[in-house]
Amino acid sequence: MQDSQPKPSRRGFFFGAAATGAAAAAIVALPGAPALQAELPAPKPAPEKGGGYTLSEHVKRYYKTTRI
């Protein structure tokens, strides 16, 4: 039996990627399109005496990945 579908090529991949990027840019540039606005948490004030290391959630996740 022989494959009826041709192998995917790099040219086809880049063509698809360019088309997807162009479509995304067109959607963003449309007037009247609702703008997505993410609410960012307010940054913590800088410590007065230097330092400033805090054990945040992403640091805790990293420490969990280093455990054996």
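This is a predicted model: local features need pLDDT of at least 70, side-chain atom pairs count only at pLDDT 80 or more; totals for chains, interfaces and linings use all residues.
Reader: What does the side chain of Glu57 meet in a salt bridge?

Author: In general, you look for a side-chain nitrogen of Lys or Arg within 4 Å of a carboxyl oxygen of Asp or Glu. Here the partner of Glu57 is Lys60, at 3.6 Å from N to O. By this rule the count is one salt bridge. Lys60 is partly exposed, because its relative accessibility is 35%.

Reader: Where do Lys60 and Glu57 lie?

Author: Helices (H or I, at least four residues) and strands (E, at least two) are read as DSSP runs and numbered from the N terminus. The protein has two helices and zero strands. Both Lys60 and Glu57 belong to helix α2, three residues apart, which is about one turn of the helix.

Reader: How many aromatic pairs does the whole structure hold?

Author: Rings of Phe, Tyr and Trp (its six-membered ring) pair when their centres lie within 6.5 Å; planes under 30 degrees apart are stacked, over 60 edge-to-face, and the rest tilted. The search finds two pairs. Phe13 and Phe14 are edge-to-face, at 5.4 Å centre to centre with 70° between the planes. For Tyr62 and Tyr63, the centres are 6.0 Å apart and the planes at 55°, so that pair is tilted.

Reader: Which residues make the nonpolar surface patch?

Author: Patches use residues with over 30% relative accessible area and no salt bridge; like charges are joined within 9 Å, nonpolar side chains (Val, Leu, Ile, Met, Phe, Trp, Tyr) within 5 Å. Areas come from the Shrake-Rupley method with a 1.4 Å probe, and for residues only the protein chains shown count as cover. Tyr53, Leu55, Tyr62 and Tyr63 make a patch of about 490 Å². Tyr62 is exposed at 51%, Tyr63 is partly exposed at 39%, and Leu55 is partly exposed at 48%.

Reader: Where is Leu55 found?

Author: Leu55 sits in the loop between α1 (10–29) and α2. Contact means heavy atoms within 4.5 Å. Leaving aside neighbours within four places in sequence, Leu55 is in contact with Lys60 and Tyr63.

Notes:
Residues are numbered from 1 along each chain as its sequence is written. Side-chain values use heavy atoms; hydrogens and water are left out. Buried means under 20% relative accessible area, exposed over 50%, partly exposed in between (1.4 Å probe, protein chains only).
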